[in-house]
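Biologist: Could you walk me through this model, one question at a time?

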Amino acid sequence: MQYKTGDLNLAASLLTLGHRFIGVEHDGTVKRFCFDVEEEFEIDVRNFFNNRLKLPARSLLDNAQVLRTSDQSSVYATPR
C-alpha cells in the first residue's frame, strides 16, 4: 500500500524517520511524495499532525531540501 502527500514537511519528517520513500509523482504543477505504508507509519503520520515527533533538526532540513529539489524517482534515507 502507498501513501502520497503533497506536504513537504510531512514527507521530510517521514524520510527522516526512515520510512521507505518510493518516489516523486508529478500531476501538472502538483508534486506528491510517495511512501510505502509500513509498520508504525500511521502512528508517525498522526504524531506529525499532533506535533509529537522529535527529530534531528539537521537531518530534517537536509531531507526537506533533497525532496524540494528532487525530480528523481527515488531518494535514499538512513533506515531507522
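Modeller: Happy to! This is a predicted model, so to speak of local features we need pLDDT of at least 70, and side-chain atom pairs count only at pLDDT 80 or more, while totals for chains, interfaces and linings use all residues. Residues are numbered from 1 along each chain as its sequence is written, and side-chain values use heavy atoms, with hydrogens and water left out.

Biologist: Which strands stand at the edges of the sheet?

Modeller: Strands here are DSSP runs of E with at least two residues, helices are runs of H or I with at least four, and both are numbered from the N terminus. Two strands pair if DSSP finds at least two bridges between them. The open sheet has three strands in the order β1-β3-β2, with antiparallel pairing. Each edge strand has a single partner, so one side is left without a neighbour in the sheet, and these edge strands are β1 (2-5) and β2.

Biologist: How many bridges join β2 to β3?

Modeller: Strand β2 covers residues 21-27 and β3 covers residues 30-36, and they run antiparallel. Within this pairing, Gly23 stands opposite Cys34 and Asp27 stands opposite Val30. The number of bridges joining the two strands is six.

Biologist: Is Asp36 buried or exposed?

Modeller: Asp36 forms a salt bridge (a side-chain nitrogen of Lys or Arg within 4 Å of a carboxyl oxygen of Asp or Glu) with Arg20, the closest N and O atoms being 2.2 Å apart. Buried means under 20% relative accessible area, exposed over 50%, and partly exposed in between, using a 1.4 Å probe and protein chains only. Arg20, at 48%, is partly exposed. Asp36 has a relative accessible area of 18%, so Asp36 is buried.

Biologist: Which residues does Phe49 touch, not counting those up to four places away in sequence?

Modeller: Phe49 is found in helix α2 (residues 41-49) and is exposed, with a relative accessible area of 54%. Contact means heavy atoms within 4.5 Å. With sequence neighbours up to four places away not counted, Phe49 touches Asp7 and Leu10.
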